[in-house]
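This report describes one chain of a complex and its contact with a neighbouring chain. Please look over the sequence and the structure before reading on.

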Amino acid sequence: MKKQIFKFSLASLGILLFMSFAVQQTGEWIAPEEADALVNPYKNNTEATKEGKKQFNQLCAICHGNKGKGDGIAGAALNPKPANFTTVKFQSQTDGAIFWKMTNGRSPMASYKEILTDDQRWQLVNYLRTLSKK
Amino acid sequence: MKHLIIFVSILSLSGLNNLIGQENMFSKTQFMIRGYGHAGFEYTSVNGKNQSSYVGSTFAPIFLFKHSDRLLFESELEFELENNQVNVGFEYADMSYILNNYMTIRMGKFLLPFGTFVERLHPAWINRLSNMPLGFGHDGIAPSSGIGVELRGGFAVGGSKLNYSVYTTNGPVLKDGSNEPEEAGMLLFENFEDNNNNKAIGGRIGYLPFSNSSVEIGFSVYSGKVGNTNDSLYGNTGANLMAGDFTFVKQVSPLYGIIDIKAQYNLSLVDKADYFELEPGETIPTQYTFENKSDAYFAQLSYRPTMAGSNIIKNFEIIGRYSVINTPEGSLWEQQASQISYGLNYWLSWRTVFKLSYQTTNSEGGHDSPGTTKTNAIFLHWALGF
Amino acid sequence: MKKQYKITTMLLVTFVAIAFIVSSCSSNKSALVSNKSGAQLWGENCIRCHSIPSPSAYNDVDWETIGLHMQIRANLTKDEITKVVEFMQTAN
């Protein structure tokens, strides 16, 4: 009886582990080169950063997390997983590239072309810059 | 086989419908098949006697017909394999019409909002464990569906939200023991053509105190007469069912994940009545009675480390559930049972889950297996919603 | 039986009264619910019962059907479901 339970548990754990490696691979998302040429009109504007924070809490935090680590409550369901804004990889993109990504979206990341104005999206870019690891 | 043919023809019809739908992107009529299925392996040991089996496959299609932004028809069938037969359950079929922002009217056979488990949590891809808590389902004391009319809706009140549902149905039926003496005093919730002229009334109020919807407290009632019309013994027998439910779901940052608590308490009060039992070797039945009060509850806690660094650990979830049922002392179906379940789940996607669980049930009495029963079980299920 | 109906009704009335009192005390938060974005409402409401669905799982038309189904099943407010469906349609 005990032996059987043990065997069964072992087999089930094995299956679970196997499944856990079947995590879907996701292609990298790179903004087109022309996006890098876009200029952020709010560069170093702290007022704009504050505005960006408001937008962030309302629209982004649910998936990207309150601190932008990509660990928001709704992020668990998504594939690809939401970006972690605190990483060097994310922060090494140009402002223009980040702006382009939030403008166009890539499922399941929404497109904010219609929802936010250009200004609001630049303000958000400013705020995302504050999330990098110091 | 007959069921299969019917089903296949429904499916092919729906396929046609979809093709037609795609030609006209602006069609107001929409049709979808949603639903869920599961299959698995179960190992049980009842008082030391072992049994194991692959179990499968439950297929529960939900048909949604959206005729306009206000009119919806929905129905769920449940195909199950049991005792080497295919069982088809007709879970619900009802139409709803959105009267205004705060009121929706619904008619037909619908899942009763009696607590939250049956209406919201029972589908295999939603239920964190492989089976229902004690008190639900077969021989349970909580109703699952009813035939009637319902008014429901929800609205924001300041920073919080209220939702409500009031309904009238044919109501439960009292088993008087004439067919199955050992079940005398139990309630049967399937009542397709009412056994009396009294219509049961019921409702639920849910209150979400916080604007982030993390907490919901609900209170439900369901009451009516349950005896047959003009029955001299049980014509006036009534039943009052009540339930309280609690939900808490929130991502708690210091704990790096989602804490999910669900609980429901069900109480069933049936008016006292006299029942009859034929003792072996006797010709005249003996009369007996009992306080017809049953209750059952469950509390479940689950945790999923969604804020963990690893994408694999994020998908695991642990669950614990405790549930209890007490049926009336002095009845032939008297039972006191408690159950503890532990589970480890792996979420392959938001609607696909592998559920591994270990469960122990201690039961005293019950009309199926009198005496003390100790059941240990291991379940490995794969469930998905579609 | 009559007594039971009475008790039930009284309990229901008390419950509603408490709910209204509590919520009116927090009326300064009233802006909170109606100011929420579709994304927030999606994340906060779906998970009350089931895992949060990925927007990419269905197309725009399907989300409308699912929206109506869930509005009724979960007693969501009109404002909530409208915003959630709009969000799903921008993110799928």
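## Confidence

This is a predicted model. Within chain C, helix α1 (residues 2-25) has the lowest confidence, with a mean pLDDT of 61. The highest confidence in chain C belongs to helix α4 (residues 60-73), with a mean of 96. Where pLDDT is low, the predicted coordinates should not be read in detail.

Over chain C as a whole, the average pLDDT is 81, and 65% of the residues score at least 70. For the complex, the predictor reports an ipTM of 0.89 and a pTM of 0.87.

## Fold of chain C

Chain C contains five helices and zero strands. Along the sequence, the order of elements reads α-α-α-α-α.

Of the 92 residues in chain C, 42% are buried.

The contact takes 16 residues from chain C and 16 residues from chain A. On the side of chain C that touches chain A, eight residues are nonpolar and eight are polar. No charged residues are found on that side of chain C.

Notes
Residues are numbered from 1 along each chain as its sequence is written. Chains are lettered from A and ligands numbered from 1 in the order in which they are written. This is a predicted model: local features need pLDDT of at least 70, side-chain atom pairs count only at pLDDT 80 or more; totals for chains, interfaces and linings use all residues. Two residues are in contact if their C-beta atoms, placed from the backbone, lie within 7 Å. Ala, Val, Leu, Ile, Met, Phe, Trp, Tyr, Cys and Pro count as nonpolar, Asp, Glu, Lys and Arg as charged, and the others, Gly among them, as polar. Helices (H or I, at least four residues) and strands (E, at least two) are DSSP runs, numbered from the N terminus. A residue is buried if 20 or more other C-beta atoms lie within 10 Å of its own, exposed if 12 or fewer, and partly exposed in between; C-beta atoms are placed from the backbone. pLDDT is the predictor's confidence in each residue, from 0 to 100.
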